[in-house]
Structure formats: structure tokens, C-alpha cells
Amino acid sequence: MAAASLDLQGLLARLDPTADVAQRHIWLIDVFDWLRGDRASPQAAVGRVSLLLDAVEARPELRERLRAWWRAFTRAVDLTALLADYGFAPRTAFVSELTERLRRKILPGTPETTDASDLFRMVLPGAFDAGWIALLDDAQLARIGNLLADAALDDIDGAPRWRHTVMDAVTYCSSQVVAAGFSPELRLRMSAASESRAFHALMSDLDALREQMFRAPRDEDALQAAFVAFRDRLDACRASASSVYAHLEDNGISVGLVFRLRQLRERVLRIRELLDCLVSATPAPSVARLVGRLVLAGGERNSIRALIASNSSMLAAKVTERSAETGEHYITRDRASYLQMVRKAAGGGALTALTVLLKFGIYSLALSAFWSGLWSGLMYAASFVAIQLLHLTLATKQPAMTAPAMAARLRDIKTDAAVADFVDEVANLVRSQVAAVLGNVGVVVPAMLALALLVQFALGRPLLDAAHAAATLQSLSLLGPTALFAAMTGVLLFAASIVAGWTENAFVLHRLDSAMRYNPRIGAFLGAARARRWATFMRTNISGFASNISLGLMLGLLPAIAGFFGLGLDVRHVTLSAGQIAAAAASIGTAVLQQPALWWAVAAIPVIGALNVSVSFYFAFRLALRAHSVSLGDRARIRSAIRARWRSRPISFFLPA
């Protein structure tokens with residue numbers, strides 16, 4: 001403690017209210033560094049606050065010097081901007097905001113500044129400061145207020161200058177709220193019931209509150225009435241802005257709009273905190289809470305991780321809301337729909353056999369890696385789109401679409417009955433995947449065998465030569481990197497669902513279906529009836545088109561692009577892989593049954609299918625959980641319930657009741 005006192009004495013000796021801006025601010029930074037100490041505990045920092053207060057109060061000359069320093073500080077630094085704007089991101093673009101945060105992390109700041117926000121960031125940089133500030137008791141806060149109280153800082157009307165500073169900050173925040181409410185992006189999307197009328201009267205209510213706040217003598221009843229009127233108007237503005245969310249759910253989600261809505265909500269909360277400081281009979285605790293909130297808001301504002309988390313949650317909502325609608329169609333809940341899924345998957349498997357045949361045809365052209373990958377990708381895309389338009393099913397396309405539909409049921413998961421209903425849906429989903437995979441693989445193998453024999457009969461030679469057939473079996477062997485490639489393919493399946501959700505959201509958000517239906521030029525070119533049919537068709541199929549085309553191109557181009565960088569990555573899709581194995585086996589003949597390579601390749605099929613499905617579902621489900629803000633506790637309850645169902649009724653995950 002003696003060493004701490006010596007350090008404190010040295011700090012107090014350096015207190016110079018006539019120093020330049022940089023030296024005054026360096027002294028302030030050093031004082032807070034001393035208060036933090038080794039950051040061992042917030043309680044220790046609170047103890048150092050008491051030491052500082054005791055040392056200043058014991059010396060009247062030092063107390064006057066501190067007040068003179070505070071007077072110079074508040075006249076040089078704009079505290080209003082700090083209270084109103086600190087912690088708010090001024091830009092909606094992710095890249096520009098990321099660049100700004102990286103700049104602040106990499107480039108050092110300077111205390112030679114009159115920007116209170118930059119200085120605040122250097123004086124109180126982390127959550128530790130918010131912790132010890134929250135522990136300050138009322139007596140300590142009152143002592144701090146008495147030390148900084150200065151008649152020279154009172155305005156002509158006798159009101160403390162800090163009250164005018166806080167009221168100005170309320171005015172700045174309120175003007176931002178009004179500007180957001182009047183912006184066309186929000187105003188046009190507010191519900192007809194709420195409109196934007198609340199925003200019209202917000203500033204006049206604030207003027208009435210300001211008048212009562214600084215009236216001398218003060219009428220407490222009139223002040224309270226003005227405060228209640230302004231607070232209610234502020235709540236009405238917030239409710240009007242919240243009505244935009246319903247529009248976004250129905251008409252597509254815009255990241256920019258969600259950003260503005262979140263900023264507006266945070267502005268309203270900041271105004272409430274500032275008003276607490278103004279109207280409270282004992283403002284010191286409210287001021288301490290506000291400072292603590294500013295510290296946390298600054299940490300959030302400077303965090304790259306927080307920026308990524310915030311943007312990913314908005315992107316998750318943007319994607320999953322649309323994918324959830326599509327995913328519902330892939331979940332079977334009874335025996336009839338289960339059998340229908342098997343039939344659709346069987347048709348998808350038959351068409352995939354033709355896809356495998358075309359793939360070998362492209363390889364036979366001996367094109368360069370890029371052109372071979374591009375043409376393979378286009379062929380995959382055409383095949384997947386054909387499966388979609390024929391209302392057939394490709395098994396591995398389902399999980400990334402069904403995960404958002406599942407997560408959408410987690411919005412109200414607080415009761416045990418809701419958890420049980422969700423577990424029922426999990427069982428329905430797993431059964432649907434099993435039916436689709438079995439339908440695909442069960443048909444693609446015999447269909448590919450028949451096509452290979454037909455080609456051999458027509459050409460007089462096997463579909464694949466012996467070396468190519470052996471290499472195909474070897475590349476698909478379970479002993480090789482097949483499992484890794486299958487997991488990578490699951491990531492591609494998830495990525496395709498992201499493209500699908502983003503594309504459909506953009507299609508709905510920009511009302512392209514309405515444009516196709518009613519645009520005069522399109523109507524003149526297609527005719528009114530045909531334009532309506534095309535609009536309905538595209539609204540129904542845009543998600544599938546985006547998913548299928550992007551997946552096909554990724555499956556075709558990934559090996560070529562990875563090969564360019566020397567990574568040696570490849571894709572393993574369960575239905576395509578099963579068809580390739582069947583083609584290789586048919587080319588070799590019955591002798592293949594005696595080759596271990598065949599059986600190692602066959603053993604890889606269930607592994608490929610499981611990884612394709614599980615990896616894509618895992619990433620999509622995690623994304624959907626983020627979009628719906630499901631807590632860690634609820635996630636643990638869900639996992640426990642699923643394990644209990646697996647132990648008690650495992651057959652329900654494979655066959656319908």
C-alpha cells in the first residue's frame with residue numbers, strides 16, 4: 001500500500017490544469033492506469049478510488065487544482081458527442097466498418113485530441129473498467145461529484161453545465177431517431193397502424209421537456225408530466241420501427257434495414273439512460289451506470305469478432321427465413337409421404353445415372369483441368385435443375401434446406417412439450433434423409449449397370465477401360481481420403497443452400513416477381529397471361545435454381561481450382577459416387593466381385609452419405625440457431641432430449657410408425 005501511495009503522490013504532483021491538451025490527457029490516462037493496477041480484481045480498483053479521493057480531499061489546494069483541471073478539460077473536449085454517439089457504427093457496409101476497426105487496432109491513438117470518443121477509448125478501454133465502475137457505492141459516487149462540482153461551470157440560469165451537456169446529447173440522439181423514422185426505407189415498411197406519426201411529435205415533446213428541465217423555479221409536477229410524455233412518445237417511435245420486422249419476414253430481409261433498426265433501438269435505449277441521469281434525484285448512480293454502459297459499448301464497437309457475429313446473425317436471418325419455407329417440403333411425417341419420398345428419390349437416382357454417363361463422356365474428351373471442370377459443373381447443374389423440374393429428389397440437397405425449417409420451430413422452445421415436438425421433427429427429418437438416400441442409391445446402381453451394358457453393346461467395348469475403371473474404384477476407396485472429400489462436399493452443399501437463401505431473399509425483397517407480372521415492357525414482350533405464369537414459376541423455383549446451379553458449378557470446378565493451388569481436393573457425392581462405382585464394376589465384369597477394391601469402394605458409400613448429410617445439416621442448423629438466437633441452455637436441453645429418444649425408440653429415426 002505504501003508503494004501505491006508513493007505512485008499516487010507522484011501522479012497528483014503532476015496535476016497541472018495549465019498544461020497543454022496532450023499532457024492533460026496523458027495525466028488522465030495515467031490516473032486510470034493506476035486505478036486499474038494489475039487488473040487482479042475490480043474490488044482492488046475500487047479500493048484505489050477511495051485512496052485517490054482521500055488524498056485529494058485532504059489537501060484543499062489540490063482539490064482546487066483538480067477543479068481547475070476539470071474546468072479546462074470540459075471546455076476543450078466535446079462530451080456531448082461522446083454521450084450521444086459513442087458505441088454506434090456510422091456505416092452499414094461490412095467492409096468499410098471492418099477496415100475502420102482494423103485501423104484502430106493497428107494504428108496507435110494520440111491523446112492530443114479534442115474528440116472525446118477517441119480519448120474515452122484510451123482512458124477506459126475494456127470491460128474490466130465497467131466491472132469496477134459498477135462496484136462504486138453511493139458514498140464514493142457522491143464524493144466524486146462533490147470534488148468535480150464547480151460553480152464556474154454553472155450556466156447563467158444556475159443549472160449545472162453537465163445537465164445541459166446531457167440534454168444536448170438527448171437532443172442529438174433524438175434527432176437521429178427521427179431521421180431514421182423519416183427515412184424512406186423504414187417509413188414505407190412500417191405497418192399502416194403505426195405509420196411514422198410518433199416521429200413527427202418527438203422533437204416538440206423534447207422541447208417541452210427541455211423547457212421544464214431548465215425552468216427556474218422548477219415545477220416538479222410539470223417536469224414529471226413532460227418526462228412521461230416524451231418517454232411515451234419515444235416508446236411509440238420504437239414500436240413503429242419494430243413493425244418493420246413483420247414486413248421483412250413476409251417480404252425479404254435487408255441487412256442494411258436490420259442494421260438501421262438495431263441502431264434505432266440502441267439510440268432509444270441510450271436516450272433512456274441519459275434521461276435517467278437528468279430526472280433522477282440522485283444522478284450519480286445513473287451517471288456511473290451510463291459510463292459503464294459506454295465502456296461496454298465501446299468494447300463492442302471496437303471488436304472485430306462482435307462485428308462478424310453481428311453481421312453473420314443478420315446474414316443468417318436473411319438466408320434462413322427463405323430456406324425454411326423451402327425446407328418444409330422435404331420433411332416427411334407419415335408413411336404415405338415417406339413412400340412418396342422414396343419414389344421421388346428413385347427417380348432422382350435414375351436421372352443421376354445419366355449424369356454419371358455424361359461425366360465420363362466429358363472426361364473422355366481429355367480437356368484441360370479448368371475446361372473439364374467447367375463443363376462438368378454445367379452438366380451437373382443441368383442435371384440437378386432437371387431433377388428439380390421433374391419434381392424428383394436428390395438426397396444430399398435436403399439437409400441444408402431442412403435445417404432452417406427445423407430451427408424455425410425453436411422460436412418457442414421453453415416448455416418440455418415444445419422440446420418433445422421438436423424431437424419428433426428431428427426423427428421425421430432423419431427418416432426423410434434415409435428414405436432419400438436409399439431411393440437414390442438403390443436405383444442409381446442398377447440404372448448405371450444397365451447404361452454401362454447398353455454402351456458396351458452399342459460400342460463393342462466397355463464404358464471404361466481397365467485402367468480407368470481400376471483408378472475409379474481406387475479413388476473411391478474407404479482407405480483413401482474419401483471421408484475428407486465427402487465432408488468437403490457437405491460444406492459445398494451447405495454453401496449452395498446459402499446461395500439459394502440469399503438469391504430467393506433478394507428476389508422477394510426487390511419484388512422481382514411483381515415486376516415480372518406487372519412491368520409494362522415485360523408484359524408487352526411476353527403477354528399479360530404468360531408474364532403472370534413466368535412470375536409464379538420463378539417465385540416458386542428461384543431458390544432451387546440458385547441452389548442447383550451453384551452446387552453443380554462448385555462440384556465441377558472445385559477439383560480444378562484446388563489443383564491449381566496444389567491442394568489435391570476432390571468431391572464425393574453419395575449418389576454420383578455410387579453411380580461411378582457401378583460404372584467401373586460393369587466395365588471390369590464379374591471378375592470385379594473378387595477384387596477388394598470394389599468392396600472398399602462399396603464400404604465408402606454409407607460413409608459418404610452420412611458425411612454429406614450430417615456436415616451440410618450441421619452448418620445449416622448452426623446458422624439457423626444463430627438467426628433465431630437460441631440460447632446455449634435450450635441447445636443442451638434439445639441434445640439431451642434427442643439422446644433420450646435414440647435410447648428409447650431408435651427405430652423411429654429410420655421407419656415411420
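## H2 against H4

Helix H2 (21-36) and helix H4 (residues 60-76) pack at about 115°, their axes 11 Å apart; axes here are lines fitted to C-alpha atoms over the stretch in contact, with angles running from 0 to 180 degrees between N-to-C directions. On the H2 side, the contact uses Arg 24, His 25, Trp 27 and Leu 28, and H4 brings Leu 66, Trp 69, Ala 72, Phe 73 and Ala 76 (contact: heavy atoms within 4.5 Å). Helices are DSSP runs of H or I, at least four residues, numbered from the N terminus.

This is a predicted model, where local features need pLDDT of at least 70, side-chain atom pairs count only at pLDDT 80 or more, and totals for chains, interfaces and linings use all residues. Residues are numbered from 1 along each chain as its sequence is written, and side-chain values use heavy atoms, leaving out hydrogens and water.

## H21 against H26

The axes of H21 (residues 466-475) and H26 (residues 574-588) come within 9 Å and cross at roughly 145°. Ala 469, Ala 470, Thr 472 and Leu 473 of H21 meet a set in H26 that includes Gln 580, Ile 581 and Ala 584.

## What's tucked away in H8

In H8 (residues 127-134), the buried residues are Phe 128, Asp 129, Ala 130, Trp 132 and Ile 133 (buried: under 20% relative accessible area, exposed over 50%, partly exposed in between, with a 1.4 Å probe and protein chains only). Their cover includes H2, helix H3 (42-57) and helix H15 (283-302).

## A look at Phe 370

Phe 370 sits in helix H18 (residues 369-389). Phe 370 counts as partly exposed because its relative accessibility is 43%.

Technical notes. Helix = DSSP H or I, 4+ residues; strand = E, 2+ residues; numbered from the N terminus.
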